[in-house]
Amino acid sequence: MTTINIKNMVCPRCITAVRAVLMSMGFTAEEVTLGEAVVKEDLSEEQLKSLASKLSDEGFELLDDPRSCLVEQIKIGVLQWVRMSSQRPKLSDYISDIAKRDYSRLSKLFTQVKGETIEHFAIQHRVEYAKELLSYSQHTISEIAYMLGYSSPAHLTSQFKQQTGMSPKEFRDMKNKNRLYLDDI
């Protein structure tokens, strides 16, 4: 059995794409989750190189460095936290819990590797999710603010404006909405 850590898996379609690559290569996928796949077979170095090439063609990257794997786990945790529909715990508690490590160490590692803080990364993703909700839903800005765990619509508006240069209302009224791919954030 081989566990494979994969960068840029950010959504259910990514899981489907990785599963398809594994199947096309004749591997038995025991489990495929965000950032990780477990295959029944013990893969040789040659098979791993071939898999890396096929995954790269699909926009993914194999991770073999433990620090990179941990950073990817943090990124996935932030994505899950941003899209929680229930009451959100504190981001630091959530990330620390899923990574099973002290948050201050995780924060320091993330900043060293990514060049930005976990909090800034989370703000970017919250704003992108707000853009998605503004583009495709009938929710008011107030409803969206509370859905995303903001303390008030003004707090959402402030962070939205800092990130995009415009208010949520101005964004909603735009004809050409500029959105980012999640793995480009």
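Start with what helix H4 packs against. Its buried residues pack against helix H3 (66-82), helix H5 (103-114) and helix H6 (118-136). Contact here means heavy atoms within 4.5 Å. Buried means under 20% relative accessible area, exposed means over 50%, and partly exposed is in between, with a 1.4 Å probe and protein chains only. Helices (H or I, at least four residues) and strands (E, at least two) are DSSP runs, numbered from the N terminus.

A word on what you are looking at. This is a predicted model, where local features need pLDDT of at least 70 and side-chain atom pairs count only at pLDDT 80 or more, while totals for chains, interfaces and linings use all residues. Residues are numbered from 1 along each chain as its sequence is written, and side-chain values use heavy atoms, with hydrogens and water left out.

Back to H4. Which of its residues are buried? In H4, residues 91-99, they are Leu91, Ser92, Tyr94, Ile95 and Ala99. They sit on the same side of H4, because they cover an arc of only 165° around the axis. That arc is taken from the directions from the helix axis to the C-beta atoms.

Now the end of that helix. Just after H4 comes Lys100, with a positive phi of about 55°. Lys100 lies in the loop between H4 and H5. Lys100 counts as exposed, at 67% relative accessibility. Most residues other than glycine have a negative phi.

Asn8 is not a glycine, yet Asn8 has a positive phi of about 80°. Look for Asn8 in the loop between strand E1 (2-7) and helix H1 (12-24). Is Asn8 buried or exposed? At 15% relative accessibility, Asn8 counts as buried.

Next, the salt bridges. How many are there in the whole structure? A search finds four. The criterion is a side-chain nitrogen of Lys or Arg within 4 Å of a carboxyl oxygen of Asp or Glu. I will go through some of them.

Take Lys75 and Glu72. Their side chains meet in a salt bridge at 3.5 Å, N to O. Both residues lie in helix H3, three residues apart, about one turn of the helix. An α-helix has 3.6 residues a turn, so residues three or four places apart point the same way. Both Lys75 and Glu72 are buried. For Lys75 the relative accessibility is 10%. What else does Lys75 touch? Leaving aside neighbours within four places in sequence, Lys75 is in contact with Lys7, Phe110, Lys114 and Phe121.

Then Lys131 and Glu128. This salt bridge is 2.8 Å, N to O. The two residues are three apart in helix H6, so about one helical turn separates them. Lys131 is buried, and Glu128 is buried too.

Arg83 and Glu132 come next. Their side chains meet in a salt bridge at 2.9 Å, N to O. Which parts of the chain does this pair link? Distant ones: Arg83 is in the loop between H3 and H4, Glu132 is in helix H6, and they are 49 residues apart. Arg83 is partly exposed, with a relative accessible area of 34%. Glu132 is also partly exposed, at 24%.

Let me step back to the whole chain. There are nine helices and four strands. Along the sequence, the pattern reads β-α-β-β-α-β-α-α-α-α-α-α-α. The C-alpha trace spans about 55 × 40 × 30 Å along its principal axes. Of the 185 residues, 41% count as buried. Take the contacts with a separation of 6 or more: residues 24 or more positions apart account for 59% of them.

Surface and charge, briefly. The accessible surface comes to about 10,500 Å², and 48% of that belongs to carbon and sulfur atoms. Those areas come from the Shrake-Rupley method with a 1.4 Å probe; for residues, only the protein chains shown count as cover. The chain has 24 positive and 25 negative charges, and their mean positions are 7 Å apart. Lys and Arg count as positive, Asp and Glu as negative; His and the chain ends are not counted. Each charge is placed at NZ of Lys, CZ of Arg, CG of Asp or CD of Glu.

Pro66 is in helix H3. At 62% relative accessibility, Pro66 counts as exposed.
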